[in-house]
Amino acid sequence: MPIGIYIHIPFCRSKCPYCDFYSFASGEPQKEEYAKAVCRELEKWGRLDTRADTLYFGGGTPTLLGAERLCRIISKAREHFSLEGAEITVEANPSGDVSEQFYALKEGGVNRLSFGLQSAKDCELLSLGRRHTARDAEKAVNAAQKAGFDNISLDLMLGIEGQTTESLTYSIGFCKDLGASHVSAYILKIEEGTPFYDRRHALCLPDEDETSKLYLAACEELEKAGFSQYEISNFAKKGRESRHNLKYWNCEEYLGIGPSAHSFLQGRRFYTPRDFDGFLKEAQYIDDGPGGDEEEYIMLRLRLTEGVDAGDFRRRYGKDLPPRLIKKAKSLDGLVECDEKGIRITRQGFLVSNRVITEILSE
Ligand code: SF4
């Protein structure tokens, strides 16, 4: 099976108050050092002579590394892995100043862009502490399309201060009108250690019921706009699902490069610590135990609307889905669907997916 490659680019212009990804502001010399360190790691891992059918630059804000360095990393990956026909994604901030990079990225082999739009309402963007406006996003997406990108994903956030089903519907219409092929709609989570966490009592965020309504409205409106749900938070036009992210949910293998990146290779999970200088000197890969067992596979697959496929489970583990697990799934009526094809969580069930998955696996 081909693997996926994830490359973490830990640079951001400034820190959004809700974000706990590993990223910070930096200068050009640090970026150059980092690009060299990533190439060094690709060379090291490339000795495995493996095929990779997805390459994903996430962050942080990968475009801050600059198109020349990103393309250099892609060339290095091509030298050491077979990347033929690979989906190559770059995450980008939807601000005007990235536009000039798009031609070079396309030329370098990037065929998918993912923009952190979050909302098409400027007041919601302001409350999230984002630097771009809806107009900036429109310009950036138009520039990407002009450069030849037809596979564009936009991220939306649910549960923003002041967000209503009307404002969310407006943001979804905005994505559709811009010609997006994929939308991710994540519920805002207040993570410990972020400025939002410190101010959590002062924030006027939608409560649990309101957030549930926003989620269900997002699912409905996105379907109406032609985006089919394929994972709890992900929606795509036909054939435009994220091949890279599907690897995570299908419990397939991937190599993660960069501080905070996680990997799953040859049955083991491991990660690189959040230590930029340490990574520049010598990357650490910390063992995180075995991966890909039955329980983990079920847990990950249940995030997909397709759910756990009974045939696929049999092919992978050489046995049928455990009857006790099926019995438990059947008892969660309305939250889970269960038939001879397998087990799937319903949209209502996705609202409480963690609880549903825990209950199923408790059997
Ligand atoms: S731009 Fe993205 S990665 Fe960077 S701080 Fe904001 S949310 Fe986090």
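Student: In which loop is glycine 60 found?
Tutor: Bear in mind that this is a predicted model. Strand 2 covers 52–59 and helix 2 covers 67–80. Glycine 60 belongs to the loop between strand 2 and helix 2.

Student: What is omega for the peptide bond from glycine 59 to glycine 60?
Tutor: That bond is cis. Its omega is near 15°.

Student: Which residues surround the ligand?
Tutor: Gly59 and Gly60 are among them. The shell also includes Cys12, Lys15, Cys16, Cys19, Phe21, Ser23 and Thr61. Two further names complete the set: Asn93 and Gly116.

Student: Is serine 260 buried or exposed?
Tutor: Serine 260 sits in the loop between strand 9 (254–257) and strand 10 (262–265). Its phi is near 85°, positive although the residue is not a glycine. A residue with 20 or more other C-beta atoms within 10 Å is buried. Serine 260 has 20 C-beta neighbours inside 10 Å, so it counts as buried.

Student: And glutamine 266, buried or exposed?
Tutor: Glutamine 266 lies in the loop between strand 10 and strand 11 (268–271). Glutamine 266 is not a glycine, yet its phi is positive, about 50°. Glutamine 266 has 10, so it is exposed.

Student: How far apart in space are serine 127 and valine 336?
Tutor: Serine 127 is in helix 4, residues 122–127. With 19 other C-beta atoms within 10 Å, serine 127 is partly exposed. In sequence, serine 127 and valine 336 are 209 residues apart. In space, C-alpha to C-alpha, they are 36 Å apart.

Student: How far apart are the C-alpha centres of domain 1 and domain 2?
Tutor: The domain assignment gives domain 1 as 3–248 and domain 2 as 308–363. Their C-alpha centres lie 30 Å apart.

Student: How many residues does each domain bring to the contact?
Tutor: By class, the side of domain 1 that touches domain 2 has four nonpolar, one polar and no charged residues. The contact takes five residues from domain 1 and four from domain 2.

Methods:
Residues are numbered from 1 along each chain as its sequence is written. This is a predicted model: local features need pLDDT of at least 70, side-chain atom pairs count only at pLDDT 80 or more; totals for chains, interfaces and linings use all residues. A residue is near a molecule or strand if its C-beta atom, placed from the backbone, lies within 6 Å of it. Helices (H or I, at least four residues) and strands (E, at least two) are DSSP runs, numbered from the N terminus. A residue is buried if 20 or more other C-beta atoms lie within 10 Å of its own, exposed if 12 or fewer, and partly exposed in between; C-beta atoms are placed from the backbone. Domain bounds come from an automatic or database domain assignment. Two residues are in contact if their C-beta atoms, placed from the backbone, lie within 7 Å. Ala, Val, Leu, Ile, Met, Phe, Trp, Tyr, Cys and Pro count as nonpolar, Asp, Glu, Lys and Arg as charged, and the others, Gly among them, as polar.
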